[in-house]
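Open the model in your viewer and keep the selection panel at hand. The stops below go from the whole chain to single side chains.

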Amino acid sequence: MKCQQTTSESILILKPLQTACLKFIILIILVMTAVNTYAYQIFYDRTNWENAIVGSLKTDNFDNKINNADSITFDSGVVSTSLKSSEYNRILSSGSYFGSVTSTSTLTWVFPWEILAFGFDIISINSGSQISGNFDGLGNEIFNPANDNISNQYNGFIGVIGNDTFDTIVFSGAGNRDSFSINNLSFSKAPTIPEPATLLLMGLGLFCLSCKRKKSHRDRRNIY
């Protein structure tokens, strides 16, 4: 009789625990969905951009002149590669980067590690210049710094914070030649954060362990 009573009580205890566990799983799935659909952000003010970044920044002031070449490497480790040798891809002695693109020729920057954000000060940029990258983890996004914010065409700023890591951005043009001159390139190293699936497994493991301990404690109490 005592055994039957203990079994019945255990079943009554397990049912709400199973319900709570299911709710926990649904909550984690909703959080994962929200994270994956959150849009990347574009900033036109350096101070606001820096305040929104978690972690430290690495800045390249383009102090060392690099002659025009198909592929050059900045002091920060960023590799800049031009699709056509006829286009500009160089660092000037004045301490700025100068590049040019067309509708058929692009410039690709590959960062030395996975990043979550990048930004630079704009000296001048043509209205046809575009920037693209996989900033949201869903595919290449593209925007036009000058057209999206006309004040950026001269002495402006552009900064991006993604919701997923990336290591490449591409400059492209809309016309025969769209050039741009920039300085103070900054980018942030992506922090080491557990993947949502890992967090889900960790959370489930801790929750189930807690449930098991509670059940064992109640079973021992019922026996004695």
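Among contacts between residues at least 6 apart in sequence, what percentage join residues at least 24 apart? The value is 73%, where contact means heavy atoms within 4.5 Å. This is a predicted model, in which local features need pLDDT of at least 70 and side-chain atom pairs count only at pLDDT 80 or more, while totals for chains, interfaces and linings use all residues. Residues are numbered from 1 along each chain as its sequence is written, and side-chain values use heavy atoms, with hydrogens and water left out.

**Whole chain.** Colour by secondary structure: the protein has 4 helices and 11 strands (DSSP runs numbered from the N terminus; helices are H or I of at least four residues, strands E of at least two). Of its 224 residues, 39% count as buried (buried is under 20% relative accessible area, exposed over 50%, partly exposed in between, with a 1.4 Å probe and protein chains only).

**Main core.** Select Phe74, Tyr97, Trp109, Phe118, Phe120, Ile169 and Phe171, which touch the most other members of the largest nonpolar core, a set of 30 residues. Such a core is a set of buried Ala, Val, Leu, Ile, Met, Phe, Trp, Tyr and Cys residues joined through side-chain atoms within 4.5 Å. Strand 6 (96-101), strand 7 (107-125), strand 10 (154-172) and strand 11 (178-189) each supply at least two residues of this core; strand 7 gives the most, with 8.

**Trp109.** Centre on Trp109 and show its surroundings. Beyond neighbours within four places in sequence, its contacts include Phe74, Val78, Tyr97, Asp167, Ile182 and Leu185.

**Second core.** Next select Trp49, Ile53, Ala117 and Ile161, which are among the 6 residues of a second, separate core.

**Aromatic pairs.** The whole structure holds 21 aromatic pairs (rings of Phe, Tyr and Trp, the last by its six-membered ring, with centres within 6.5 Å; planes under 30 degrees apart are stacked, over 60 edge-to-face, the rest tilted). Trp109 and Phe120 form an edge-to-face pair, 6.2 Å centre to centre with 65 degrees between the planes, and both are buried. Phe118 and Phe166 are also edge-to-face, at 6.2 Å and 80 degrees. Phe118 lies in strand 7 and Phe166 in strand 10, so this pair ties together parts 48 residues apart in sequence.

**Leu138.** Finish in the loop between strand 8 (130-133) and strand 9 (141-143), where Leu138 is found. Leu138 is exposed, at 66% relative accessible area.
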